[in-house]
Amino acid sequence: MKLFRRSSAEALWRDEFPIHAADERYVNRRQFTKFLVLTSLAMFAGNVWILVRSWLRGTPAFPATVVARADEIGIGGVKLFSYPLPHDNCILIRTGPENYVAYSQKCTHLSCAVYYSQTANRLECPCHEGYFSVKDGSVLQGPPPRPLPRVILERRGEDLVAVGMEVHPEG
Ligand code: FES
């Protein structure tokens with residue numbers, strides 16, 4: 001029978017904590033794989049939830065809503081309102097005695113609020129100098145990829161009524 005003597009403190013340490021570096025790496029790899037699988041499952045569940053929610057919501061409804069009286073703003077004046085939901089900010093512009101246009105106020109680049117510049121006669125986004133045409137909401141300059149969604153207005157007596165949204169096909 002052979003007897004071994006411990007030659008150093010390191011050998012004692014190895015006896016008390018018998019973990020090998022190779023095993024340690026294996027455990028880490030396994031934990032990493034577990035993390036990847038759980039993250040993928042969480043992302044999958046999130047996507048399923050978004051899909052189900054969009055099915056349940058269906059197409060957005062655009063109720064007829066009075067947004068202003070025709071004589072409420074002067075020529076070149078603006079009024080801010082919400083449509084179709086309370087957090088959907090829009091801007092109404094009176095461009096002539098009987099002409100009104102309205103757009104979503106959310107820039108199609110990174111969603112900053114656009115405002116009307118009467119001197120330049122355009123809608124301007126202050127974040128990255130994106131400019132939009134007042135006539136049709138198309139992009140005149142800057143990084144916005146799409147025109148502004150347009151609010152469809154109807155004149156009913158003295159009321160201006162929003163009845164829908166015209167969104168660019170790519171929007
Ligand atoms: S957010 Fe409007 S131009 Fe960038």
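Reply: Here is a short tour, from the overall fold to single residues. This is a predicted model, where local features need pLDDT of at least 70 and side-chain atom pairs count only at pLDDT 80 or more, while totals for chains, interfaces and linings use all residues. Residues are numbered from 1 along each chain as its sequence is written, and side-chain values use heavy atoms, with hydrogens and water left out.

Me: How many helices and strands are there in the protein?

Reply: Helices (H or I, at least four residues) and strands (E, at least two) are DSSP runs, numbered from the N terminus. The protein has two helices and 10 strands. Read from the N terminus on, the order is α-α-β-β-β-β-β-β-β-β-β-β.

Me: What share of the residues in the protein is buried?

Reply: Buried means under 20% relative accessible area, exposed means over 50%, and partly exposed is in between, with a 1.4 Å probe and protein chains only. Of the 171 residues, 26% are buried. Take G96, which is found in strand β3: G96 counts as buried because its relative accessible area is 5%.

Me: Is V139 buried or partly exposed?

Reply: V139 has a relative accessible area of 29%, so V139 is partly exposed. You will find V139 in strand β8, residues 139-141. From V139 to L123, 16 residues apart along the chain, the C-alpha separation is 9.4 Å.

Me: How do I read a pocket, and what is the volume of the largest pocket?

Reply: Rolling a probe the size of a water molecule over the atoms shows where empty space is left. On a 1 Å grid over the protein atoms alone, a pocket is an open set of points where a 1.4 Å probe fits, with protein on both sides within 12 Å along at least five of seven lines; lining residues have an atom within 4 Å of a point. Grid points are joined across faces, edges and corners, and the volume is the space filled by probe spheres set on the points. The largest pocket here has a volume of about 610 Å³. It is lined by 23 residues, and D88, S104, K106, P149 and M165 are the closest to its centre.

Me: Which classes of residue make up that lining?

Reply: Ala, Val, Leu, Ile, Met, Phe, Trp, Tyr, Cys and Pro count as nonpolar, Asp, Glu, Lys and Arg as charged, and the others, Gly among them, as polar. The lining has 13 nonpolar, seven polar and three charged residues.

Me: Where does T108 lie, and which backbone oxygen lies 2.6 Å from its side chain?

Reply: A polar contact is a pair of N or O atoms within 3.5 Å; within protein, one must be able to donate a hydrogen and the other to accept it, and residues adjacent in sequence count only if both atoms are side-chain atoms. T108 is in the loop between β4 (99-104) and β5 (115-117). A polar atom of the T108 side chain lies 2.6 Å from the backbone oxygen of R146. With a relative accessible area of 9%, T108 is buried.

Me: Which residues have a positive phi although they are not glycines?

Reply: One is S111, with a phi of about 75 degrees, in the loop between β4 and β5. Another is N121, at about 50 degrees, in the loop between β5 and β6 (122-125).
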